[in-house]
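Hi,

Here's the structure I said I'd pass along.

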Amino acid sequence: MLVSEQKPMEEILRSLDGEKRIFLVGCKGCAEGCESGGEQQVIEMKQKLEEEGKTITGFSLIDMVCNESLTRMKLASHRQATDSADSLLVLTCGIGVQSTAAVVDKVVHPGCNTISSGGAHAEWKEAERCLECGDCILDYTGGICPIARCPKNLFHGPCGGSEGGKCEIHPDLPCAWHLIIERLSKLGRLDKLEAVVPPKDWSVSLTGGPPRPR
Amino acid sequence: MKAGTNLEKVLESGRFAVTAEAGPPRGAVPSVILRKGELLKAFCDALNVTDNQTAIVRMSSLSSCVLLKQLGVDPVMQMVCRDRNRIAIQSDVLGAVALGIWNILCLTGDYQSFGDHPTAKSVFDLDSIQLIQVLSQMRDEKKFLSGEKISGEVPLFIGAVENPYADPFEYRVLRLAKKVKAGADFIQTQAVFDVSKFAKWMEMVTDRGLDKEVHVLAGVIPIRSVGMARHMRDNVPGVSVPDEVVTRMEDAKDAREEGLKICLEIIEQIKEIPGVHGIHIMAVAWEEIVPTIVERAGLLPRPLI
């Protein structure tokens, strides 16, 4: 079980600023169990966003969004609705946000913070995708996590060792920041990276602060 | 003037600055660093002390800087984010400033797997740009990162690094701009070997007007041997040595003389590139060559301001 909770509505609205047409993704796995992104929360989010003047082009509830091939298949059946959206809002753990970003060429916003793995690391086994840092920044990085995928946890990468899209630590490891820049360039949203991001609050991360009850 | 260090004065006066690097010893004997200071002090405007570079344990940068300062050298304290969290960093900055170390160069730091303690737990509480932010806030607002007030002044001349050869090339200038926005006063670049690529990068820097906001010092490394050339080309992350340079070293009768010649040729070309305000010589384990380089590059005497 990956434990997640919804981000505050103000933060979600801030990340959707300037975007009118939104497609919603919910998860019938952990996020449903956590009541952060199941059927009921997706319907509530649809209403809240419509009250804010947004158009919801559609939504999809996927059994386990962390299952990348399932997510690819499910979202393919919503092609028209996702194509006509400005962005996708994903109400899942950080892994679900990243698997959505991996299969859709659209800006993907995290709607939740991942609080704890509760013991398991979900379905996407290819590499570490979420370190449960407790304050999801996937919005800034185009749906690719530098906390989990950059050895130095850089907020302003790539470091000087990035060459040919590879990490300096290991030739098999893609440079997470190279992926981020590639993806944001493709989406025409490199402007997202102009910000200087202040130091992170690590107290809410898995390795920071006191142990949390699960 | 932000801190009034010798380096800041030379750069602000518009002169072409020369800095060099002094690696601290792998031991507690002060004479090692003092000898480097004595050797180099008349030939450069400031001397960088590395902070456990390549993640290998050495005498601390702060202590080495204090030893150099006692010789009359203007030290540049390198500070990495790998080994300290924001509490230790701010505490060390206060200590450094109290001891007269006012140039601080901000880096994220080489990953620990490259060093002699690969099993260490890294910190990376901040990254280099956030470190610059913290230092400029301490200096300009006299506030800790927490927002609490600092008693007294925190004079700092803040440095940062950038690698014009790392990928993606086009993004590198944007990243430099972020360092400037965060508060960097001067930039040291990774070693320049491919001058035309560096010139292209500097063109993008000047196009954005960044050379008016920050002093760019171009890094140079004199190559001592064929083995060193090959090692840097093949194994050192972030350093880009063209095959042509390696071939020249291989074909040379006197490798040291050829390495020196290559370095001088590069400096000669760098001096002509608009927006470059100086050079930073990284003579790794070959500090004794620095006086010859500075002299033969026509950069003596160093200004006394």
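Below is what turned up, starting with the cores and ending with a pair of helices.

Keep in mind that this is a predicted model.

First, the cores. The largest nonpolar core has 93 residues, and the members touching the most others are B:Leu47, B:Met77, B:Ile104, B:Cys106, B:Leu135 and B:Val220. Helix α5 of chain B (residues 128–140) is the top contributor to this core, giving six residues.

Over in chain A, A:Met45 sits in helix α3 (residues 39–51). A:Met45 counts as buried because it has 23 C-beta neighbours inside 10 Å, and the cut-off for that is 20 or more. Again leaving out neighbours within four places in sequence, A:Met45 is in contact with A:Leu24 and A:Leu91.

Last, the helix pair. In chain A, the axes of α4 (residues 68–76) and α6 (residues 94–103) come within 9 Å and cross at roughly 55°, so α4(A) is oblique to α6(A). The crossing is right-handed. On the α4(A) side the contact uses A:Glu68, A:Thr71, A:Arg72 and A:Leu75, and on the α6(A) side A:Ser99, A:Thr100, A:Ala102 and A:Val103. By class, that's three nonpolar, three polar and two charged residues.

Cheers

Technical notes: Residues numbered from 1 in each chain as written. Chains lettered and ligands numbered in written order. Predicted model: local features only at pLDDT ≥ 70, side-chain atom pairs only at ≥ 80, totals over all residues. Core = buried A, V, L, I, M, F, W, Y, C linked by C-beta atoms within 7 Å. Buried ≥ 20, exposed ≤ 12 C-beta atoms within 10 Å, placed from the backbone. Helix = DSSP H or I, 4+ residues; strand = E, 2+ residues; numbered from the N terminus. Contact = placed C-beta atoms within 7 Å. Axes fitted to C-alpha atoms, helices over the stretch in contact; angles between N-to-C directions. Parallel < 35°, antiparallel > 145°, perpendicular 65-115°, else oblique. Left-handed = near helix turned anticlockwise from the far one by under 90°. Nonpolar A, V, L, I, M, F, W, Y, C, P; charged D, E, K, R; others polar.
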